[in-house]
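Hi,

Here is the structure I said I would pass along.

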Amino acid sequence: MAEERVELAVQPFNKTASVTPGTPFLEVARQLGVPLNLPCGGDGHCGKCRIRVVQGTAPTTPADLRHLRAEQLAEGYRLACQLVITSPLVVIIPSETLATGQHQILTATGQLRLRKGTPPFQKQLITQLDASEARSLVDKVQRQAGDQPLTFSAIAELARYAHTEHTLTALVAEKRIVGFEPGDTREKNFGLAFDLGTTTLVASLVDVNAATPLAVAARLNPQTQFGDDVISRIQFACERSDGLQRLQQAVRKALNDLAQTVIQDAGISRHEIYQVACAGNTTMQHLLCGFHPSSLGRYPFTPVTVASVSCRARDIGLELHPQCRIYVFPAIGGFVGGDTVAGILTSGLLEGETPALLVDLGTNGEIVVYDGQSLHAAATAAGPAFEGAKISSGMRAAQGAIEQIWRDDRVVLRYRVIGNQRPTGLCGSALLDLLAILLDAGVIDPQGRLGGCAVHGKVAPADGRGPLHERIVVHEGRPAFLVVPGEETASGQPIFLTQQDVRQLQLAIGAIRAGTEILLGRLGLSPSDVQAVYLAGGFGNYIRRRHAQRVGLLPSGIPPQRIRFCGNTSLFGAQLALVSEEARRHAEELARMVQHVDLSADPDFRWKFAEAMIFPDQSLIHPEADRA
């Protein structure tokens, strides 16, 4: 008896599938290559994977009822992550549900410039292979190459070339000869640097001989289809037998695609890439290497390894020169990874005034404190809110995202949208702007409450009525601030900042703030002692200093000129590792000397976190911040 099948059509992609009844829609979408936006990893918590069933029957689920209004349910809207296919369906995927589009990805390294050292991969010219005063061909090579050992594959290549070539170029990696090329190819020595972000991936092609970046490319990390944060991905790897394999395949394909892009831009061949360096958080590095992350998902969050990893690039599926080597940065702890080591190495933290802070604000939040002698580091779960994952109108920094908000002379809100189009939602930098503006105006009080009480579908403002207070409304039975009316948005739906959104931002900000104070306290310091703050990470480099201080994300009492933007230090660290063996050794030393602080085990963190949930008083903000 033939197995029962039902047909699924997915628009506007014109893709179809024949599936067994009871198959989750999410599984089919992944097989069809439909990139869905799944901030919560498909658990039904965020409500942002909305699709519309236009033909067929799709029963509602509890998550649908929580996140969708009655009129939306009546129009066929469902959450993609909860939909189970039981009968023939035709489904439309709205553009805002797709994890596509032009994303604002930080590829710049600011004022950082590569300084050439001893390249980890070198080429050496070998001549006079026809000389007779040696016991073997290997001896002849070693006399010219500094007595470096040859690998088995290099000896095999030497045997093939020796009778047809009088000049060879020896490929030297990690002080071993790993292969040969006919003729003199020393001028072609290229490497790839990768920033392995949780949300984004960046590749940089580097001319190793000249210590010069040649091309850069970036894209959304395809692992976001399995969840926006590392915890979701760890769960995916643990709950499915093929979970780790699928996560590794996704990032491997993306890195190969990025490599192809920069290689084409530079007009070179894949076989001219001899080394790769990667920096990312501990989970991202584990997933790239194929190390199962299960131990990172449970206390005490122990990594498989914190040491650097060196292997052939092809061992993890990168399609480059057969002898290409990959170097993965050492990590510090369970959630403080190689990207933080790269930040310490390159940001200027160790060379500037102390005490100093390095704050890496991306999808994850890492903090490092340096007092001139010792380094302490910690990680906080702050990123998802700044990426819009838990915010009702939140989104990543992509086309249609409001990226900046300000007040004009008439106290009217103005905003700028990525892509110069009608807005779709709010990204992290705009959320901080809005929060600071509403705090200044008294629309939000220090405890994070949106002012007023409900009256006839509006909210009556408290004392100090002003133009911004009049934008407080009741949305779904609770106070909300109307950011953009529906007639101005791309979807026709208004953009709100809800009371729950404010709470989520308080949690994210409070975690960073409390973590900073805990680390400073370990060294007997207070936030006002900080002489320099180095901001790294995709989100950190787009925020306004004054607004970050106003909401408490950064120390509020210091002059804003002490806050410095560093660009993408993870990428720069990887670039540096391609051209300098000394930089790699320094990274190894730094990773060993940093004291990793597990905030969840710190007895003071809970009450520090509770205190940090209260926004700073405006009078505590440094007076120069208003001019920043």
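Before the counts, a word on terms: helices here are DSSP runs of H or I with at least four residues, strands are E runs of at least two, and both are numbered from the N terminus. On that basis the protein chain has 16 helices and 30 strands. Keep in mind that this is a predicted model.

Now the overall build. A compact globule of 628 residues would have a radius of gyration near 25 Å, and the protein chain comes out at 27 Å, so the two agree. Along the principal axes, the C-alpha atoms fill a box of roughly 100 × 75 × 45 Å. Buried residues account for 57% of the 628. If you take contacts between residues at least 6 apart in sequence, 67% of them join residues at least 24 apart.

Next, the inside. In soluble globular proteins, nonpolar side chains tend to be buried together. Here the largest nonpolar core has 59 residues, and Ile405, Ile444, Phe481, Val483, Leu497, Val551 and Leu553 have the most contacts inside it. What does Leu553 touch, leaving aside its neighbours within four places in sequence? Its partners are Leu361, Phe386, Leu432, Ile509, Ile512, Phe539, Ile543 and Ala548. Apart from that core lies another, of 37 residues, which includes Ala211, Ala279, Leu375 and Leu576.

Helix H9 is worth a click too. It runs over residues 338-346, and nine of its nine residues are buried, so the helix is largely enclosed by the rest of the structure. Among those buried residues are Asp339, Thr340 and Thr346, along with Val341, Ile344 and Leu345. Just after H9, Gly348 takes a positive phi of about 100 degrees.

Last stop is Arg562, in the loop between helix H13 (545-550) and strand E29 (563-565). Is Arg562 buried or partly exposed? Its relative accessibility is 22%, so it counts as partly exposed; the buried class stops under 20%. Beyond its neighbours within four places in sequence, Arg562 is in contact with Ser528, Val530, Gln531, Ala532 and Val533. Arg407, by comparison, sits 155 residues from Arg562 in sequence and 25 Å from it in space, C-alpha to C-alpha.

Cheers

How values were computed: Residues numbered from 1 in each chain as written. Predicted model: local features only at pLDDT ≥ 70, side-chain atom pairs only at ≥ 80, totals over all residues. Heavy atoms only, no water. Core = buried A, V, L, I, M, F, W, Y, C linked by side-chain atoms within 4.5 Å. Buried < 20%, exposed > 50% of the residue type's maximum accessible area, 1.4 Å probe, protein only. Contact = heavy atoms within 4.5 Å. Rg over C-alpha atoms; globule rule 2.2 N^0.38 Å.
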